[in-house]
Amino acid sequence: MGVDKISLTVISPEKILYSGDAEYLRIPGIDGSFGVLPNHAPLIAELDIGLMEVKKSNEKIQMVIEGGFVEIKSNLVSVLTGGGDVRENVDLAIAKSDVEKWINEPKSEARNLALKKAKARVAIHET
């Protein structure tokens, strides 16, 4: 019989975004989002900027992930991200203001990255 829980840790340089059990994860990989259930095959994958979802019992936790890597091994999942936050800590007004600020900047790699992060923070409030 397999294990029915995943032990998850999501860490950014500033803080631990999440640490606890989960029954299902949706993670933004660079080739698209993918799901993780208990007893998932071992995997190391690069992450994109986007929304991550954690389901446990009757609770759904959403967070913004700003790239990084995920390691999955023996029902232990470690997400190392460059930044992000849980939905409750993302201020929609600030996120919308950031989108407006960056959309009007001259195109550059830094502008594109900042705009993508700001759009992800807006999108978390639209799900």
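Predicted model: local features only at pLDDT ≥ 70, side-chain atom pairs only at ≥ 80, totals over all residues.
## Basis of the model

Local features require pLDDT of at least 70 and side-chain atom pairs count only at pLDDT 80 or more, whereas totals for chains, interfaces and linings use all residues. Residues are numbered from 1 along each chain as its sequence is written, and side-chain values use heavy atoms, with hydrogens and water left out.

## Nonpolar cores

A nonpolar core is a set of buried Ala, Val, Leu, Ile, Met, Phe, Trp, Tyr and Cys residues joined through side-chain atoms within 4.5 Å; buried denotes under 20% relative accessible area, exposed over 50%, and partly exposed in between (1.4 Å probe, protein chains only). The largest such core holds 21 residues, of which L25, M52 and M63 touch the most other members. Two or more residues each come from strand 1 (6-11), strand 2 (16-22), strand 3 (24-29), strand 5 (43-56), strand 6 (59-73) and strand 7 (76-80). Strands are DSSP runs (E, at least two residues), numbered from the N terminus. Strand 6 gives the most, with five residues.

Contact means heavy atoms within 4.5 Å. Leaving aside residues up to four places away in sequence, M52 touches residues including L8, L25, I61, M63 and V79. Another core, of six residues, lies apart from the largest one and has I49, L51, A120 and I124 among its members.

## Strand 7 and its partners

Two strands pair if DSSP finds at least two bridges between them. Strand 7 pairs with strand 1 in the parallel sense over five bridges, with T9 opposite S78. Strand 7 also pairs with strand 6, in the antiparallel sense over five bridges, and here F69 stands opposite L80. Two residues separate strand 6 and strand 7 in a hairpin, where S74 in the turn has a positive phi of about 50 degrees.

Terms used
Helix = DSSP H or I, 4+ residues; strand = E, 2+ residues; numbered from the N terminus.
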